[in-house]
Amino acid sequence: MNLFMPSVALDPIHQFKVTKWLDFNVGGIDLSFTNASGFMALGVILTIAFFGVAASKGQLVPSRLQSLAEIGYGFVADMVRGAAGEEGLKFFPFVFTLFFFLFFANMIGMVPYAFTTTSHIIVTGALALLVISIVIGFGFYKNGFKFLKLFAPSGAPWPIYIILIPIEIISFFARPLTLSLRLFANMLAGHIMLKLFAGFAVGLIAAGGAYIIIAPFAFAMGVALNALELLVAGLQAYVFAILTCVYLNDAFHPAH
Amino acid sequence: MLIALLAETAAHGSEHLAEDTPPPFPPFETWHMPSQLFWLAILFGILYLTMSRVILPKLSDTLEKRSDRIASDLDQAARLNDQATEAQQALELRIAQAKNKARETADKARAKMDAEMAAETARVDAEIEKKLDAADERIASLRVEAMKNVEQIAIETADTIVGRFGVSASKSELKKAVTAALE
């Protein structure tokens, strides 16, 4: 018995499907421009357009748009300064780019029929690896081998180190994993839930009879989840950025 | 029943696909990963370069200009305030000086007047004294004169009275008697 509309419209996984828009092959590697690339490009274009327009005038008394851009600037600057200290501002452009890249990607994902680029582990994983590579690279560049003190916090009695050092090493290398999985899983699960409840409401109506009475509740749940997902979209971009700052702080001050 | 329906909704797509191929889970498919990485690198790179080279310098420049402007405005306000305070102090000083000067002038004038008054009073007092002395002298001389006249009159009267009695007395005797009686 098929109560439902065509399966494609209701399949909660379908929204994550990558489809080619333009075939592009280099040396046998498929580098096609896909819907994922397209929506990522849209996010980047929107970010640049927003900040480009907002920052272009540089008025002494800012317009609303410029004010918004300046609030964003101050917000990220305070975040970097708070978590990584005054020296951390060296990485301010990176954290700023990262935050607004994720923020716009997540927010675009909230638009129905849009593709959520951050719902793919390869994207979040690549960004997490980029962050951790910068932490490791800059940590060694700035501190030399003293960077390894990160794994041996001072002040513990020596037998503790036997347990402490492996734990510190594991927790350090778990960082890119947790960083990428947190964002990926939040986006994936959130969008599946949205699709599920919206599809459920439609399904109930299509089923007819007494089910129609329950349909509004499913729909209300979908609306509530939408609000929640909007919060999650902003929050996860923030979490990713602030954790980046926290990890960068380790590169500056490895000895805790 | 509801839960079953929800589950059916969830499972529907996968079931549908399960008929021919195992259900692919797009985030774990590998064919699009190189392209995802490639475009991520390019797009994130473009965004980073635009932000770090163009937009953030512009924004920070604007913010800096604003804070500079505010600082300089505050400086100027402080400077003007200082100037106003200085001017007020100068004014107060001048008022104080003027007051002192006025008091001095008044004091001097008063002292001068006091001195003049004292001198005048002294002069007048001295004149009065002189006049009083002269008057006293005159009174004294008049009294002596008068007393002399009285003696004369008494002697003459005594002479006359004695004459009535038919006795004559010498002038020196009469005078002696009168003097004794007067004393």
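Author: The contact, meaning heavy atoms within 4.5 Å, takes 62 residues from chain A and 44 residues from chain B. The model is a predicted one, in which local features need pLDDT of at least 70 and side-chain atom pairs count only at pLDDT 80 or more, while totals for chains, interfaces and linings use all residues. Residues are numbered from 1 along each chain as its sequence is written, chains are lettered from A and ligands numbered from 1 in the order in which they are written, and side-chain values use heavy atoms, with hydrogens and water left out.

The size of an interface is often given as the accessible area lost when the parts come together. Here chain A and chain B bury about 4900 Å², and 81% of that lies on carbon and sulfur atoms; buried area is the accessible area (1.4 Å probe) that two parts lose on being put together, summed over both.

One salt bridge is counted between the two chains, A and B. The term denotes a side-chain nitrogen of Lys or Arg within 4 Å of a carboxyl oxygen of Asp or Glu. Its partners are A:Glu70 and B:Arg66, at 2.9 Å from N to O. Nine residue pairs, both at pLDDT 80 or more, are in polar contact across the interface of chain A and chain B. Such a contact is a pair of N or O atoms within 3.5 Å; within protein, one must be able to donate a hydrogen and the other to accept it, and residues adjacent in sequence count only if both atoms are side-chain atoms.

On the side of chain A that touches chain B, helix H2 (residues 35-56) of chain A gives the largest share, eleven residues. Helices (H or I, at least four residues) and strands (E, at least two) are DSSP runs, numbered from the N terminus.

Two packed helices are described by the angle between their axes and the distance between the axes. H2(A) packs against helix H2 (residues 33-164) of chain B at about 5 degrees, with the axes 10 Å apart. Axes are lines fitted to C-alpha atoms, for helices over the stretch in contact, and angles run from 0 to 180 degrees between N-to-C directions. H2(A) and H2(B) are therefore roughly parallel, the word for angles under 35 degrees, whereas over 145 is roughly antiparallel, 65 to 115 roughly perpendicular and the rest oblique. Among the residues that meet are A:Met40, A:Val44 and A:Phe51 in H2(A) and B:Trp39, B:Leu43 and B:Met51 in H2(B).

Helix H3 (residues 64-84) of chain A also packs on H2(B): their axes come within 11 Å and cross at roughly 100 degrees. H3(A) is therefore roughly perpendicular to H2(B). This contact is made by A:Gln66, A:Ala69, A:Glu70 and A:Tyr73 of H3(A), with B:Leu56, B:Leu59, B:Ser60, B:Thr62, B:Leu63 and B:Arg66 of H2(B). Within chain A, the side chains of A:Asp78 and A:Arg81 form a salt bridge at 3.3 Å, N to O.
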